[in-house]
Amino acid sequence: MRNSLYSNRPTLTVGFHGCDQSVVDKVVAGEDNLLASTNDYDWLGNGIYFWENNEERALEWAAELSKRKGSSIKNPAVIGAIIDLGYCFDLTDSAYLKELKKTYDTAFEISRLSGNPLPENISIGKSSDLLLRKLDCFVIEMTHKIN
């Protein structure tokens, strides 16, 4: 493995975050910041989610979310950002995928020995997709803690 798990990626990328128009207005005016999501089912762990180079998909996501009961998104909108990847856990790189596999294997063994089940990825309603990614989130967060 590299000297640091999080190798420095001196790369800028454009990202788009789907949210409510009121959030866009406050962030652009400097009155507020985007808030990191810390749900135990967030697919890629805790953080602020951006669609890389895909403003349309960010808006689609916000529009989909606005249709859910109790959603805070009433007027779907998108805010763009230029993101310096800096030290990055790059899931397009095989080395990082191997780190995730090691973490999963360790968590599985601890679960087996302790009798405490691992979280599971589960679907919601009639969806065939496993939308609640509790296992994925657990493994990503555990990987960060280990490193």
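Trainee: Why is Y49 called partly exposed?

Mentor: This is a predicted model, so its values are computed. Y49 has a relative accessible area of 31%. Buried means under 20%, and exposed means over 50%. The value of 31% lies in between, so Y49 is partly exposed.

Trainee: Where does Y49 lie?

Mentor: Y49 lies in the loop between helix 1 and strand 2.

Trainee: Why is I140 called buried?

Mentor: I140 has a relative accessible area of 6%. The cut-off for buried is under 20%, so I140 is buried. I140 sits in helix 4, residues 134-146.

Trainee: Which residues does I140 touch?

Mentor: Leaving out residues up to four places away in sequence, I140 touches W43, L44, G45, L91 and L100.

Trainee: What makes K101 and D105 a salt bridge?

Mentor: Their closest N and O atoms are 2.7 Å apart. The rule asks for a Lys or Arg nitrogen within 4 Å of an Asp or Glu carboxyl oxygen. The distance of 2.7 Å meets that rule, so the pair counts. Side chains of opposite charge can pair when their charged atoms come close.

Trainee: How many residues separate K101 and D105 in helix 3?

Mentor: They are four residues apart, which is about one helical turn. K101 is partly exposed at 48% relative accessibility. D105 is partly exposed too, at 36%.

Trainee: How do you know that K102 and E99 form a salt bridge?

Mentor: Their closest N and O atoms are 3.4 Å apart. The limit is within 4 Å, so this pair counts. Both residues lie in helix 3, residues 94-114, three residues apart.

Trainee: Is E99 buried or exposed?

Mentor: E99 is buried, with a relative accessible area of 11%. E99 and I140 are 41 residues apart in sequence, and their C-alpha atoms are 9.7 Å apart in space.

Trainee: How many salt bridges are there by this rule?

Mentor: The count comes to eight. D136 and R133 make one of them, at 3.4 Å from N to O. R57, E60 and E64 are linked in a network of salt bridges.

Trainee: How do you know that strand 1 and strand 3 pair?

Mentor: There are 11 bridges joining strand 1, residues 8-20, to strand 3. Pairing needs at least two bridges, so these strands pair. They run antiparallel. One partner pair is D20 and P76.

Trainee: What makes strand 2 and strand 3 edge strands?

Mentor: They belong to an open sheet of three strands in the order 2-1-3. Strand 2 (51-52) and strand 3 (76-87) each pair on one side only. Helix 1, residues 21-28, lies across strand 1 and strand 3, at about 130° to strand 1.

Trainee: How many helices and strands does the protein have?

Mentor: There are four helices and five strands. From the N terminus, they run β-α-β-α-β-α-β-β-α. Buried residues make up 31% of the 147 residues.

Methods. Residues numbered from 1 in each chain as written. Predicted model: local features only at pLDDT ≥ 70, side-chain atom pairs only at ≥ 80, totals over all residues. Heavy atoms only, no water. Contact = heavy atoms within 4.5 Å. Axes fitted to C-alpha atoms, helices over the stretch in contact; angles between N-to-C directions. Buried < 20%, exposed > 50% of the residue type's maximum accessible area, 1.4 Å probe, protein only. Salt bridge = Lys/Arg side-chain N within 4 Å of Asp/Glu carboxyl O.
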